[in-house]
Amino acid sequence: KRELKRVRSHRATLRSRRVAIPVPTGSIVGYTNAGKSSLLRTLTGSDVLVADKLFATLDPATRRLELEGGQEVLLTDTVGFIRKLPHDLVDAFKSTLEETVLADFLIHVVDASDLAALEHAQITAEVLTEIGSTGKPTITVLNKMDRIAASQLSHLHIDFPDAIEISALAGTGIDELLKAIREVVVERYARVIIQLPHDRFDLAALIHRTGRVLQEEYDETGIRMEADVPERTRNLVDAYVSP
């Protein structure tokens, strides 16, 4: 319990900092051992604990991902979901999943090689509903496709018709997943026209880093920009948005 309190306190501090960061955030969710940590490591090149062990990711890891076009995203690995959670782990489990409520989108990882893949995906969806993490854009990913026999494909395609097929360890399908992440992020952009004074070049740099600049003009008064930006950035530059 003492360790759980420490983890909660540490995570709450990090979470408060991330909420203030104008970068879209995504949570990687899924049943235990689906390969979430492996996927985060493959996507971001980061060193994240990867273990075939219940709650190996008790303290979620957040890493930066740069998409094609330069947009930045924060991805958070979460604890693996399980059915019939032991009573003494309920609080720890739900505490770690608070990350998903704050996320802008979810990546739902399913172990395609597990015969109970559909059941595990349904359990994950049920838990997300219980904690109030619904209605978010969700990318479903079938992981470990390198272990799948041709005879299993038809069942997977029926159960998960819109899923992206990957192998986090082999690196296959990652380009398609990155494209899907970018599409989800861009869909949430708002188009704005912004007039920035010369002393707010920091906001111009922020817009370039987090959004997509369509036009940019410099004059004696400052910078005029037309850009598609995520909601978090929009809130920070709101005072400079033209009506």
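Biologist: How many Å should helix α5 span at 1.5 Å a residue?

Modeller: In this predicted model, where local features need pLDDT of at least 70, side-chain atom pairs count only at pLDDT 80 or more, and totals for chains, interfaces and linings use all residues, helix α5 covers residues 117-130, which is 14 residues. Helices (H or I, at least four residues) and strands (E, at least two) are DSSP runs, numbered from the N terminus, and the expected span is 1.5 Å times one less than the number of residues.

Biologist: Within what arc do the buried residues of α5 fall, seen down its axis?

Modeller: Buried means under 20% relative accessible area, exposed over 50%, and partly exposed in between, with a 1.4 Å probe and protein chains only. In α5 the buried residues are Ala117, His120, Ala121, Ile123, Thr124, Val127 and Leu128. Judged by the directions from the helix axis to the C-beta atoms, they line one face of the helix, because they fall within an arc of 160 degrees.

Biologist: Which exposed residues does the face of α5 turned away from its buried side carry?

Modeller: Residues are numbered from 1 along each chain as its sequence is written, and side-chain values use heavy atoms, with hydrogens and water left out. On the face of α5 turned away from the buried side, the exposed residues are Thr129 and Glu130.

Biologist: Is Thr25 buried or exposed?

Modeller: Thr25 lies in strand β1, residues 25-30. Its relative accessible area is 9%, so Thr25 is buried.
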